[in-house]
Amino acid sequence: MSHTPSLSPRPLSFILLTLLLAVNLTCIAVVKTAVKKDSNSETRVARTYLGTDYPRTWDIGALAPVLAVSEPDTFHYPIHGPDADAQWAAAMPGQGFVYLGEQHRQFSFSMFHQLRCVDILRNELARVTENDGDATPPTELSGHCLNYLRQMVLCRSDLALISVLGKPEPELYPDTLQCADWRQVYAAVERNQEEHRLWMSVQLILEVFLMTLVCLP
């Protein structure tokens, strides 16, 4: 009578480990390829991203100039309303974080910090208007944000001229603005966060691989 040989638990475990390792190495190769394609300076300048060893700015290459028309009365990004929270959250994808260096250290950067502060102040205004002039004192965080935005305005010292018309109460009429292309920033953030998600998957696979290796009979 014929007998079909079966694999013992040990060879099966070895096969499983081999497959996990193959997936792990493939994911690492994909991450490294993606990083090499990125114009980020971390591929050009050796940085450990440990302690204070990181650049002052996140270098994603020169941002192209774009013209933008000032829209003070836009219906987007309202102070309050059913879509307000979602619209402001969308302005800071992934909570505004990027991940740099071999260990994917978490950073924010000034553009998203400013947007977050505007959103925090918006929430303070929404609280007052929605609660009929709520007299609760503003939070310490809102005070931080107000001062941070003041410092950023001074830091940029934008000298774009704005026409002033009308008497006795003059009004400002912003014209077309020349800006840095923020779409490049969002594209770089999207790539970085996608690479981080893939990197996190690799770490999980590696952790499972090591745990399985330890548990082998």
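Helices (H or I, at least four residues) and strands (E, at least two) are DSSP runs, numbered from the N terminus. This is a predicted model, where local features need pLDDT of at least 70, side-chain atom pairs count only at pLDDT 80 or more, and totals for chains, interfaces and linings use all residues. Residues are numbered from 1 along each chain as its sequence is written, and side-chain values use heavy atoms, with hydrogens and water left out.

Q: Which helix holds Glu130?
A: Glu130 lies in helix H3, residues 110-130.

Q: Why does Glu130 count as exposed?
A: Exposed means over 50% relative accessible area, buried under 20%, partly exposed in between (1.4 Å probe, protein chains only). Glu130 has 52% relative accessibility, so it counts as exposed.

Q: Which residues is Glu130 in contact with, leaving aside its neighbours within four places in sequence?
A: His80 and Gly81. Contact means heavy atoms within 4.5 Å. Glu130 and Gly81 are 49 residues apart in sequence, and their C-alpha atoms are 9.7 Å apart in space.

Q: What makes a set of residues a nonpolar core?
A: Its members are buried Ala, Val, Leu, Ile, Met, Phe, Trp, Tyr and Cys residues joined through side-chain atoms within 4.5 Å. The largest here has twelve residues, among them Tyr49, Trp58, Phe107 and Val185. Strand E2 (98-100) and helix H5 (182-215) each supply at least two of its residues. H5 gives the most, with three.

Q: Why does the span of H5 agree with its 34 residues?
A: The expected span is 1.5 Å times one less than the number of residues. For H5 that should be 50 Å, and its end C-alpha atoms are 50 Å apart, so the two agree.
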